[in-house]
Every structure is written in structure tokens, then in C-alpha cells.
Amino acid sequence: MGVDLRQIVAGILTITMFVMLGQMLHRDYFDAVQEKVEGDAHDIEFHGSKVAVVEDGLVRVSEGIKGPWMRDSHELKPCWSISSSDEAVSSKGYVTFSLTNGPEYHISQITDAVMVAKHLGATLVLPDIRGSKPGDEMNFEDIYDVDKFVKSLESVVKVVKKLPSHVSLRDIAIVKIPTRVAEDYIKEHIDPIFKSKGNIRVTTYFPSVNLRKSSLDGETDPVSCLAMFGSLELQPGVSDLVESMIQRLKKLGGRFVAIDLRVEVLEKKNCRETGAVGSKTCYNAQEIALFLRKLGFESDTTIYLTQPRWESRLNILKDIFPKTFTKEVIMPASKKSKYLELENSEYENVIDFYISSRSDVFVPAIPGLFYANTVGKRIALGKPQVLVPADISGTSGLSTDYISPYISKKNHLAYSCFC
């Protein structure tokens with residue numbers, strides 16, 4: 001019986017089409033991050049897939065540099081503007097809140113609290129910072145620059161450092177608000193409570209940790225842009241520490257890759273297959289090492305891990321990339337007693353977040369808000385090389401095929417605030 005060459009070719013094309021479709025679904029799955037349990041920072045999923053086309057001029061491969069490195073693009077400028085209708089309105093009422101769950105959540109919590117205070121015409125009280133353990137509290141100024149925060153918001157909302165002594169805690173109503181709270185929601189659900197009680201305490205919950213732009217959102221509120229991207233800066237001591245660690249990583253290899261990979265989080269997650277080709281909900285050390293090698297990163301590549309302390313399960317990564325470090329190796333010895341005193345402290349989370357935001361390459365092995373908000377800061381800084389991991393079939397792949405859809409599709413909400 002003869003073989004029809006056309007049937008063979010058609011069969012090959014069909015198989016190729018399904019493989020490409022599966023890879024694209026993987027990337028989209030990576031970024032649609034949904035929390036299954038309200039407020040649980042770990043019980044989430046993310047999407048990812050191979051990107052077939054990267055927008056022209058968005059990502060450029062660096063020439064003359066060993067490895068699949070890409071050039072930074074130009075740093076974007078804020079394109080929001082505060083109009084007279086956005087200016088601060090004095091009020092006798094106060095809005096209080098706390099920062100929890102790490103810097104990636106702080107950004108969203110700050111944004112929501114500012115939005116509420118602004119649209120209520122209330123005064124915002126500087127938040128405290130609360131860790132995961134009872135009694136683990138810090139002052140705002142322990143991590144962030146208070147003067148910068150107050151000054152940046154002075155045109156839209158008044159900020160005070162403490163709640164006045166005459167305001168009783170019994171006079172403060174506790175209100176839960178969804179992240180990315182909108183003006184209409186504030187008017188309908190929060191304003192009546194504020195008018196009744198005079199003061200409120202807001203707590204943000206996260207029905208979704210997805211930071212993609214949506215056509216349903218309409219134009220991004222300029223106050224939201226200002227709060228999210230223009231209000232928080234590290235206080236000088238912490239900023240200097242982060243800068244010193246970044247410079248040390250660069251001295252070790254010129255450029256470095258930051259990987260958000262935490263063993264204790266992976267233990268709580270079932271890193272299962274998603275159904276798309278080469279797609280999982282998270283990736284372990286061996287999978288990340290193979291992913292980077294197949295993309296062409298050399299064995300002498302410098303890697304920074306967000307893992308708090310070294311674990312034996314990370315040895316496979318160090319076997320393939322010997323210059324792999326966690327923060328206790330990179331941090332100056334004189335700073336360890338303060339910043340590494342308590343494992344998983346807020347200091348450590350902040351260090352990880354800001355180093356990941358400024359690394360030459362960022363790889364999110366774990367889905368969630370850390371990934372989404374790190375990408376937002378990188379977009380503003382002109383650092384587009386965020387590589388979504390995948391199981392690459394064959395022996396090699398192109399790094400430009402695995403750029404985060406937040407960047408390749410320009411669908412991160414940061415693109416609504418910067419231009």
C-alpha cells in the first residue's frame with residue numbers, strides 16, 4: 001500500500017499546531033492568578049506559555065554578551081496627572097490600616113487605602129507593618145521613607161503619623177474592601193459607613209492577585225497610579241543595604257538572575273501539570289535549572305534566590321550553576337545581626353522584592369502577587385526580561401519565547417500608568 005506524502009505532511013502540521021497551542025495556553029495560564037482561599041498568599045495558581053511573537057522593539061537581545069541576556073529598555077515616565085478634582089479635601093474623619101504579608105501586598109494595600117481616603121475626603125493615618133506571627137509588628141519608618149510617602153501624596157490626601165488621642169477605637173468601623181477598589185464601590189459600600197461612624201479601618205482582601213489591565217476597568221485612576229508607583233520608597237538604611245547586595249551580585253558576574261524560589265512555599269503547593277504542554281503551576285530547583293540551561297545561560301551565571309536559607313533540595317541548582325546564592329551569603333556581615341535575626345522577617349521579604357525588581361533577569365518559580373508586582377516595578381524601570389518557566393521540549397529554546405505575557409502583551413496595569 002502506497003504512502004500519501006500529503007497525508008504525512010498534514011499529520012506533521014497538525015501535531016505541530018497542537019504543540020504550539022498548548023505552549024500558548026501554558027503562558028496564559030501562568031498569569032491568570034486566582035486565589036482559591038481569600039487572603040491566602042500561597043493558595044494560588046498562575047499561567048504561562050511560550051510566546052510566539054514578541055512585540056517589535058519591546059525586547060532586544062544584547063549583542064556581544066555571553067548568554068541569552070537582553071538589553072534594558074528606556075525607563076518609562078509617569079503619564080498620570082493630578083487634576084484639580086483630585087486634590088485633597090480636608091475632613092474630620094480618619095482612615096486607618098495595616099500593611100501585612102510582605103512588600104508585594106503592601107503596594108496593593110497602600111493603593112486601596114489611599115483610594116478610600118481620597119474618595120471619602122478623609123485623612124489617612126500612617127500604617128504599621130505586621131508580620132505573619134502574632135505580636136510581630138514594625139513601624140512604617142522601619143522599612144519605608146515616611147517623608148517621601150507623605151510628600152508624594154500631599155496633593156491628593158492628607159497623611160498623619162498617628163491617630164489623634166481623642167479618637168476612640170470604639171468609634172472606628174472595620175471595613176473589608178476588595179483589592180483594586182473603585183470609586184463606585186467606595187461610594188456605594190463604604191461612604192455610608194464612614195458617614196455613620198466618622199472613622200474607619202480598612203482591610204484589603206484579594207479575590208484575585210491578577211494585575212492585568214481590563215477593558216472593564218476604563219481609564220486607570222491617576223490617584224491609584226500615584227499611590228501604587230509613586231508613594232513607596234525604602235528608607236535610606238534599607239535602600240543602601242539592597243544597593244550593596246545588588247552591586248556585590250554584579251561584581252560576581254556582571255549580570256545576575258533573580259529567582260523567586262522558596263522551598264517552604266513549594267512544600268505547601270501541589271506543583272501539578274496544568275493540562276497545557278510543558279506547563280505546571282510551580283517549578284522546583286531542578287526544573288528551573290534545566291529551564292535556564294536550555295535557554296542558554298552559562299554555568300558561570302550568577303543567580304540570587306529568594307529562599308531564606310540554603311536547603312539541600314537546592315543543591316541541584318548549585319551543581320548546574322555554582323554561583324547561586326541566598327541572601328545570607330550576599331549580605332554584608334555587619335548587617336546580618338539586624339536584617340537576618342529573624343527568619344522570614346519583613347526585612348528579608350523586602351530585600352527579596354527589591355532585588356528581584358532590579359535584577360537583569362527575573363524568573364518567578366512560584367505564582368502570585370510577588371510575581372505580578374515585581375513585574376510592575378520592572379516595567380517602570382525598563383527591565384523587561386521576566387522569563388516564565390516551562391518544560392522545554394528538546395535541548396534548547398529562545399529566551400524571547402518565554403517573556404512574561406504581562407510584558408509581551410503589554411497587559412499589565414503598569415502600562416496604564418507609564419508611557
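Of the 419 residues of the protein chain, what percentage count as buried? The figure is 52%, where buried means under 20% relative accessible area, exposed means over 50%, and partly exposed lies in between (1.4 Å probe, protein chains only).

The model is predicted: local features need pLDDT of at least 70, side-chain atom pairs count only at pLDDT 80 or more, and totals for chains, interfaces and linings use all residues. Residues are numbered from 1 along each chain as its sequence is written, and side-chain values use heavy atoms, with hydrogens and water left out.

**The whole chain.** Begin with the cartoon view, in which the protein chain has 15 helices and 14 strands. Helices (H or I, at least four residues) and strands (E, at least two) are DSSP runs numbered from the N terminus.

**Strands E9 and E10.** Select residues 172–178, which form strand E9. Five of its seven residues are buried, so E9 is largely enclosed by the rest of the structure. Ile174 has Arg201 of E10 as its bridge partner. Then show residues 183–197, helix H4, through which the chain crosses from E9 to E10 in a right-handed β-α-β crossover. Right-handed means that, with the strands pointing away from the viewer, the path from the first strand over the helix to the second runs clockwise.

**Helix H6.** Next, select residues 236–253, helix H6. Its buried residues are Val238, Leu241, Val242, Met245, Ile246 and Leu249. They cover an arc of only 130 degrees around the axis, which puts them on the same side of H6; the arc is that of the directions from the helix axis to the C-beta atoms. Turned away from this buried side is a face with the exposed residues Pro236, Asp240 and Lys251. The buried residues of H6 pack against several elements, among them strand E11 (256–260) and helix H12 (346–358). At the N-terminal end, Gln235 caps H6, with a side-chain oxygen 2.6 Å from the backbone nitrogen of Gly237. After H6 comes Gly254, whose phi is positive, near 80 degrees.

**Ser357.** Finally, move to helix H12 and select Ser357. This residue is buried, with a relative accessible area of 0%. The side chain of Ser357 reaches the backbone oxygen of Phe353 at 2.8 Å. Leaving aside residues up to four places away in sequence, Ser357 touches Thr374, Lys377, Arg378, Leu381 and Lys383, where contact means heavy atoms within 4.5 Å.

How values were computed
Expected span 1.5 Å × (residues − 1). Polar contact = N/O pair within 3.5 Å; in protein donor to acceptor, adjacent residues only side chain to side chain. Pairing = 2+ DSSP bridges.
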